[in-house]
Amino acid sequence: MAGPDYGALGVTLKSVRILQSLSLIAIIGMTANFISMIVSDSQTPPSVLVGTLSVTCIGVIYCVITFILFLDNLLPFLITTIIDSLLLIALIVVAVTVGEPLSYLNCQAIGSANDMGSAYDFTMSLGDSINQNGGQINYSTWVGMTKPTCLETKSIWGLSIALCVLFAFSSICSMCLWRRKPAAAAKDVEG
């Protein structure tokens with residue numbers, strides 16, 4: 001799994017891709033769990049969760065493909081820089097929309113009088129959220145209904161913020177590798 005020798009930038013890009021993939025898979029798991037629980041109650045999941053799942057699925061496929069292309073020395077660094085930047089923008093949108101109702105929410109204060117961590121409690125909070133909004137789930141109300149929901153949603157938010165940093169970093173690394181690769185190729189032709 002050594003791949004081409006691009007020095008510290010190459011090692012950094014590989015490391016960042018692995019961290020991105022792990023974070024994206026964690027977000028997919030938590031988001032898919034929420035959507036599954038909501039759909040099992042015959043309800044429509046909030047668009048925030050569906051959008052998060054869509055962006056992260058595309059992101060993990062992209063990370064795996066670019067990692068393989070990098071190892072085979074076939075990765076076009078300019079295109080990678082552009083796509084990393086586009087995914088960065090998408091993840092900023094995800095982080096802002098997921099985090100908007102969470103920024104001032106104290107998960108530890110939720111359910112302190114009684115523990116609300118069971119599937120029954122989740123279903124009851126889901127029903128309360130739907131009843132308050134005429135049949136549609138209000139994401140802002142729903143995230144604060146139970147402590148586990150709040151904590152998992154904050155985890156998704158935190159990982160989304162971390163992914164923003166990681167994609168900014170990989171975009172910069174790709175740009176540096178793109179700038180370095182033509183110079184190295186020209187030097188080989190002259191030498």
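A disulfide is taken here as a pair of cysteine sulfur atoms within 2.5 Å. The structure is a predicted model, in which local features need pLDDT of at least 70 and side-chain atom pairs count only at pLDDT 80 or more, while totals for chains, interfaces and linings use all residues. Residues are numbered from 1 along each chain as its sequence is written, and side-chain values use heavy atoms, with hydrogens and water left out.

The torsion about the S-S bond of cysteine 107 and cysteine 150 is about -70°, so the disulfide is left-handed. Distant parts of the chain are linked in this way: cysteine 107 sits in the loop between helix H3 (77-99) and helix H4 (119-132), and cysteine 150 lies 43 residues away in helix H6 (residues 147-190). Helices are DSSP runs (H or I, at least four residues), numbered from the N terminus.

Burial is judged by relative accessible area (buried under 20%, exposed over 50%, partly exposed in between; 1.4 Å probe, protein chains only). Cysteine 107 is buried at 4%, and cysteine 150 is buried at 0%. Cysteine 173 is also buried, at 4%, but its sulfur is 6.6 Å from the closest cysteine sulfur, in cysteine 176, too far for a bond.

Turning to the nonpolar cores (sets of buried Ala, Val, Leu, Ile, Met, Phe, Trp, Tyr and Cys residues joined through side-chain atoms within 4.5 Å), the largest has 31 residues, with Leu49, Val98 and Trp142 among those making the most contacts inside it. Helix H1 gives the largest share, eight residues. A second, separate core of seven residues includes Cys173.

Definitions and conventions:
Helix = DSSP H or I, 4+ residues; strand = E, 2+ residues; numbered from the N terminus.
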